[in-house]
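Visitor: I am new to this structure. Please show me how to read its features, one at a time.

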Amino acid sequence: MVVRVIPVDDFDLVIFGATGDLARRKILPGLYRRFLAGQMPSSARIIGAARSDLTEQQFRDETRAAIDEFAPGIDTSQLEAFLAELHYVAIDAKGTGGWEKLKEIMRPGVVRAFYFSVAPSLFGDLAQRLSDYGIADGESRIVVEKPFGRDLESARALNDVLARHFAERQIYRIDHYLGKETVQNLMAVRFANILFEPLWNAQYVDHVQITVAETVGVGGRGGYYDQSGAMRDMVQNHLMQLLCLIAMEPPYHFDPNAVRDEKLKVIRALEPVSEAEIVRGQYQAENGTQGYLDDAENPDSRTESFVALKVRISNWRWQGTPFYLRTGKKLRARTSEIVITFREPPHSIFDESSQKPNQLVIKLQPDEGMILTVMIKEPGPGGMRLMQVPLDMSFADAVGPEGVDMPDAYERLIMDVIRGNQTLFMRGDEVEAAWAWADPIIKSWEAGKARPEPYDPGSSGPEEALRLMHRDNRRWREIRA
């Protein structure tokens, strides 16, 4: 299979926070991969901006080191040409330092994009100065990272701050999960094929599971994470976006606002979640390893490192079909997947004990692909005995013997920013609707005194999370890599 690389227009991309962890791990290595693939024009420029008083050569040296560390084994034959396109300006986000210099080096007539890879508390300052110094115009784009607020009130305040200087069509709220190849293929599978869409409703779908499991703990992020928790850090954004793509109605066209309109309808149709349908957990210390309370350096913490919940959507398509969401730290394997479990046939002509429901498993990581389980006859002369087998489509295998170098989610999303395509980015009203649903859940936890359920590192989470589904005579799909 030949994968087309479609070049983007010439651009100047300013990365605020260019010496930070996200820029070093994802943004700069990702941009080099796009340069290597021929997607970036040779005249495109990347301008680092941060507090550090670096020379351009020092910034290039740091970028080279970041690519060596976070893109090991990558072809470095064009690295020097890429580094030559890098520039650097020391910026005071809250003051006047560096802004006139940044204005001088920006080129007219090219796409101007500004990546806010900084704390949300600086979003307003950066937006204000880009406007005051005339660096951003009506066609410029800004990219803002999560967390986009910590509740509805703060999300609205951030939206208001950005709206003073930029139109909604200029604001790109990034969620890297939406840049994953499989997530986008989910839309293609649903809306480009007649096979599944007639079955994609409560009449044929028994339930849906969405799992995002991590093997690592909170580590050095303990202080931040303890103010956030799994609900704010993962459910309100990442899992919510996956839920929307699974449950949304077909948009009238593959258009940014049409897609986001349908996602917003899903969020607004979510029913409130009762306390009996939520499980919170904290990983505990085991065999000399630190538990959550140690990592957070807060022995009294009631912040969850795991959450599972049962969600219902009140609309015609999904009435009666539950969605089970779970995410957590220090679980058995690092995996992200969506499982659509279909109902069993209304009448089985075979031994019912051997009948199992069909499942469509959409794997987001570590190996992107899809698995459809079907029932077949067990081979051999032993009579009509049924067995379940997977039809496995790994993208690495399906695209041909040479495979395809799948772009990282950040690579794809940054290129979409340059193109001006907002389809895979969250709109302001979508963010606020998600917080409006999540806020009552979080506030009830904060008002209560119950502690999260302890669970062992390397497990599937608290036992109560298993019972959440057992009560409905269902089972979680096993967490496995």
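**A helix and its cover**

Guide: Start with helix H10, where Ala258, Val259, Arg260, Glu262, Lys263, Leu264, Val266 and Ile267 are buried. Buried means under 20% relative accessible area, exposed over 50%, and partly exposed in between, with a 1.4 Å probe and protein chains only. Helices (H or I, at least four residues) and strands (E, at least two) are DSSP runs, numbered from the N terminus. The model is predicted: local features need pLDDT of at least 70, side-chain atom pairs count only at pLDDT 80 or more, and totals for chains, interfaces and linings use all residues. Residues are numbered from 1 along each chain as its sequence is written, and side-chain values use heavy atoms, leaving out hydrogens and water.

Visitor: What covers the buried residues of H10?

Guide: Look for contact, which means heavy atoms within 4.5 Å. The cover includes helix H9 (229-247) and helix H14 (428-447).

Visitor: What happens at the start of H10?

Guide: Look for a polar contact: a pair of N or O atoms within 3.5 Å; within protein, one must be able to donate a hydrogen and the other to accept it, and residues adjacent in sequence count only if both atoms are side-chain atoms. Here a side-chain oxygen of Asp255 comes to within 3.1 Å of the backbone nitrogen of Asn257.

Visitor: Now the strands. In what order do the six strands of the open sheet lie?

Guide: Two strands pair if DSSP finds at least two bridges between them. The order is E3-E2-E1-E4-E5-E6, with parallel pairing. The edges are strand E3 (86-90) and strand E6 (171-173), each pairing on one side only. From one strand to the next, the twist averages 20 degrees. Axes are lines fitted to C-alpha atoms, for helices over the stretch in contact, and angles run from 0 to 180 degrees between N-to-C directions.

Visitor: Which helix packs on the sheet?

Guide: Helix H13 (residues 409-419) does, touching E1, strand E4 (111-116), strand E5 (141-144) and E6. The direction of H13 makes about 140 degrees with that of E4.

Visitor: Is strand E9 mostly covered or mostly open?

Guide: E9 (residues 306-311) is mostly covered, with six of its six residues buried. Phe306, Ala308 and Lys310 lie on one side, and Val307, Leu309 and Val311 on the other.

Visitor: Which strands pair with E9?

Guide: Strand E8 (residues 278-283) pairs with E9 in the antiparallel sense over four bridges. Ile278 has Leu309 as its bridge partner. E9 also pairs with strand E10 (residues 323-328), again antiparallel, over six bridges.

Visitor: How many aromatic pairs are there?

Guide: Rings of Phe, Tyr and Trp (its six-membered ring) pair if their centres lie within 6.5 Å; planes under 30 degrees apart count as stacked, over 60 as edge-to-face and the rest as tilted. The structure holds 16 aromatic pairs. In one of them, Tyr225 and Tyr292 have ring centres 6.2 Å apart and planes at 65 degrees, so the pair is edge-to-face. Tyr225 lies in helix H8 (residues 222-225) and Tyr292 in helix H11 (residues 292-296), so the pair ties together parts 67 residues apart in sequence. Tyr225 and Tyr292 are both buried.
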